[in-house]
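Q: Hi, I'm new to this one. Could you walk me through a few spots?

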Amino acid sequence: MLKVKHDELATLNMAVNGHYYRRAVESRLLLVDFLRDELGLTGTHVGCEQGICGACTVLIEGVPARSCLHFALSMKGKEITTIEGLSEWPQFPAIAEALSRRHGVQCGFCTPGIVASMITEEGVSEEEIDVLLAGHLCRCTGYVGIRQAWQDILAKKEGK
Amino acid sequence: MTSEKTWIGRPVTRIEDGRLIRGEGRFMADINPVPGIRHAAILRSPYAHAAIRSINIQEALLRNGVLGVFTGEMINRELNPFPVGVSAPVNYYPIAHSKVRYVGEPVAVVVAENRYVAEDALRDIVVHYDTLPSSMDIEPAKGQLDPSALLHEDILNNVASSRRFEYGRCEKELKQAEVVLTNRFRYPRNTAVPIETYGVIANYESHSDYYTIWSNFHGPFTLHSVMAHALKIDTHKLRLCSPSDIGGSFGVKSAVYPYAVLMGVVSKLVRCPVKWVEDRLEHMQGSSSATQRITDVTMGLSCGGKITALKLVQYDDVGAYIRAPEPATLYRTHGNLTGAYDIRNVLVENYAVMTNRVPTGLIRGFGGPQLYFPLERMIDIAARHLGIDPVDMRRRNFIRIDAFPYTTASGAVYDSGNYQAVLEQALEKSEYNHFRHQRSETSGSLRYGLGVAAVVEPSGSNMGYVSLAFTPTERMAQWPKSGAAAAATVAIDPLGGISVRLDSVPEGQGHETVARQIVADALTVPMDAVRVIVEMDTATSAWTVSSGSYSSRFASAGSGAILGAAQKVRDKLLVLAAAKLGIDVSTLHLHQGWVWQDKQKTVWSLRRLAGSIHWNPADMPKGIEAGIHETCYFTLPQVSAPSVDDRINSSAVYGFLIDIVKLAVDIETGQIRILDYTTVHDAGTLLNPLLAQGQIYGGIAFGIGSALYEELVYDNNGQLLTGSLMDYFVPTISEMPKHLKLSHHSTPTELTPLGAKGLGEGNVMAAPAAIANALSDALGIEVLHLPLTPQTVFELMHSHQRKEATRT
């Protein structure tokens with residue numbers, strides 16, 4: 001177990017979007033603040049800081065997670081992918097196109113987090129879409145366009 | 001540059017999406033426009049009403065990394081109180097000194113090297129309070145309140161403003177009516193909950209006394225002068241900037257302005273630029289909210305169901321300070337108080353009452369949900385009382401199609417509409433008659449209900465309506481206020497690059513895309529030849545008091561300004577081409593980016609003309625200025641100041657919608673499930689049907705939240721019980737009905753150049769009423785307040801059972 005004293009800096013080695021970083025950080029620094037303030041990756045957004053809204057969702061070792069509920073230091077040795085990295089993935093253009101065509105984006109503040117969930121959940125059923133999307137708050141779209149975009153991607157995958 | 005198509009009216013996908021989906025949007029928290037920014041955190045009051053006995057900041061000042069700690073007293077010394085929209089003596093500052101009046105009111109500000117340290121230092125500040133009794137009632141006390149329960153000295157019973165208006169002979173008609181029905185309704189305090197919170201960066205320059213303040217403020221820019229007055233500076237010294245991306249607002253971010261002023265002063269005192277990003281807990285307790293409203297409705301009717309008189313007594317809870325632009329919630333709908341109905345005798349009494357809750361302001365629908373919940377419920381209650389079908393009841397009272405343009409009793413001019421046709425379309429689309437027969441079926445503990453709401457949707461607010469809070473005599477002493485103006489600038493650079501600058505400060509509505517459509521059409525170029533700039537900067541953008549994004553004004557005002565500016569550019573180019581060609585300008589037009597003479601293409605392209613203006617200005621014909629940078633300010637002349645008899649055309653244009661809801665309620669659990677939701681809008685010409693659809697879906701979600709889940713709940717001491725997103729429930733996808741049907745009926749307005757009306761708020765006004773009507777239908781019990789949580793439904797059924805029991 002990692003032990004760090006309050007007010008002391010500890011060394012953090014991690015990979016973000018395929019790049020390696022070595023930084024000295026405070027133990028209490030949140031992952032989302034590290035990504036945004038230390039690395040300048042501002043595509044990950046802070047909406048509630050209590051794990052409800054899903055705007056700060058990133059991938060930790062390929063799995064969607066709330067970056068406001070993790071300490072940066074707990075990411076030691078791990079690989080993080082933010083929207084800046086996801087937008088280089090081969091699946092990304094189809095997701096972006098579907099979201100735009102279905103008007104699943106308005107203010108766009110919740111969107112990068114939703115993309116993180118969409119891009120990793122390739123094999124879901126239509127019912128599971130609602131379960132996964134329920135982990136993201138969007139106040140603009142009523143979720144209709146987002147759900148349709150996700151359904152379009154599934155349909156395409158299944159060759160419908 | 002060529003273009004075959006016209007773009008207006010087409011479901012064009014958005015230019016904004018590219019950057020937003022990639023996380024390349026630029027929101028307030030993302031930007032650092034000046035070097036040397038330090039970070040602020042705010043200490044807030046834990047009490048709803050208390051005198052501040054002392055504040056000790058010594059410990060906080062000593063903490064490593066802290067640059068400054070400022071109390072309300074230190075800050076407010078630099079300020080005037082904000083001007084307020086009423087004559088009552090309310091001294092509203094962005095931070096408390098001597099007394100706190102709501103939970104979450106700012107008390108002190110810390111500036112530190114980062115937010116973590118600033119928050120640490122908040123805990124070092126010691127404040128001693130003497131608590132006072134909280135005043136939580138909306139309805140003014142009948143007797144005199146104890147002086148300790150007064151929020152502000154010299155304001156009797158906490159009533160900040162009250163006015164009475166009578167149009168026609170309402171009292172007389174009510175006395176003579178065959179049927180008179182009375183009910184009291186309660187609309188809850190709810191709020192907008194954009195996923196991005198408030199953000200402010202303030203930079204004070206001591207050498208010039210200039211303030212530059214970046215924030216996610218989106219207007220109305222009437223508040224620019226309110227801020228400058230508070231800062232004790234001439235208005236040109238205050239530069240307000242908003243970034244290209246705002247993460248939703250739905251009105252609530254107009255109330256970031258006190259924080260903009262607060263950080264402005266803090267920047268001055270600490271002598272460096274200061275950034276403050278609100279956290280979610282701060283947002284829930286200290287940003288803004290809709291007014292809670294009690295409405296006493298008295299309706300006079302004939303036995304045949306014709307409404308002869310309508311009396312509304314409205315009590316708005318405006319919170320601890322009546323903050324500008326309040327009491328606007330009471331007046332935004334003043335012209336359309338009678339909704340879709342032809343009612344000539346109207347009486348309205350308005351009371352803006354202060355309580356120990358957060359001050360109120362714009363929230364999507366702004367005044368509409370507060371009006372239409374009681375009004376549309378009363379239509380159903382009256383229908384049931386008279387044994388008339390609720391749909392027939394509406395038909396009998398609708399403004400007839402041959403009556404447009406129709407002037408309401410209180411002065412609105414409904415430009416156009418066909419309410420009957422929209423209703424019929426909605427009935428068909430929703431299979432209303434089919435459901436009507438099914439609804440008496442029950443299955444186990446489920447009961448089914450059907451509800452309708454008809455809403456006249458105002459868009460493009462008249463800057464003059466707020467002055468109705470003053471008497472005609474008081475208004476005589478002021479400058480008249482009117483209009484719903486918007487500004488836009490179209491420019492062409494030396495090689496033909498076209499740019500458009502807006503004053504609309506969008507928060508997700510897609511104004512960049514629509515502006516592109518409008519300008520590409522006007523200049524006959526492809527859409528990607530047009531760049532749209534939505535960053536607001538009061539030092540460089542064309543703007544006016546009504547600029548901004550609120551009251552669904554982009555379709556009704558903004559689009560007209562954009563078109564006007566593009567047409568100015570087009571006309572200038574054609575005049576120049578006519579001079580170059582030595583022919584009459586009236587024979588020329590633009591087509592595919594070239595100047596054509598009738599059916600003959602000339603040698604002059606838009607690009608070549610632009611080049612010649614920039615590169616060869618000495619050769620310009622007389623009367624044509626060098627440069628192509630044309631601004632249009634657009635307003636409708638009909639949007640005039642209130643009349644001496646207190647009538648007002650409170651909005652520029654008026655759309656219409658019908659919502660029909662089918663729901664199931666479980667009488668054992670109180671849970672409501674919406675089975676089917678239909679909405680039919682008449683917003684005139686749709687500028688972009690895809691974006692219109694997005695506004696409607698979003699509006700329905702918002703309206704469902706207001707109807708079923710959302711309320712800022714305070715206890716009797718003024719403690720906020722719903723301070724996080726765990727307690728304040730915002731709809732997720734699971735709460736959205738699977739069966740959503742929407743369609744349009746188009747009655748274009750002749751008032752706006754593109755025939756468009758706003759449509760972003762209508763469903764927020766209609767959904768709570770339609771859902772409450774459906775629940776009343778299902779249970780046979782009249783719903784008089786919201787939100788309809790399982791607990792509310794349960795209590796409703798049981799109090800009804802108790803009443804039934806006492807009756808028998």
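Q: Where does Asp598(B) lie?
A: Asp598(B) sits in the loop of chain B between strand S25 (594–597) and strand S26 (600–605); strands here are DSSP runs (E) of at least two residues and helices (H or I) of at least four, numbered from the N terminus. This is a predicted model, where local features need pLDDT of at least 70 and side-chain atom pairs count only at pLDDT 80 or more. Residues are numbered from 1 along each chain as its sequence is written, and side-chain values use heavy atoms, leaving out hydrogens and water.

Q: What's phi of Asp598(B) near?
A: Near 50°, a positive value in a residue other than glycine. Most residues other than glycine have a negative phi.

Q: And Asn158(B), buried or exposed?
A: Buried, at 1% relative accessibility (buried means under 20% relative accessible area, exposed over 50%, partly exposed in between, with a 1.4 Å probe and protein chains only). Phi of Asn158(B) is also positive, near 65°.

Q: New topic: which peptide bond is cis, with omega near 0°?
A: The one from Gly219(B) to Pro220(B). Another cis bond joins Ala324(B) and Pro325(B), with omega about 5°.

Q: What does the side chain of Thr197(B) reach?
A: The backbone oxygen of Glu278(B), at 2.6 Å. That is a polar contact, a pair of N or O atoms within 3.5 Å, where within protein one must be able to donate a hydrogen and the other to accept it, and residues adjacent in sequence count only if both atoms are side-chain atoms.

Q: How many residues of H18(B) are buried?
A: 18 of its 20, so H18(B) is mostly covered.

How values were computed
Chains are lettered from A and ligands numbered from 1 in the order in which they are written.
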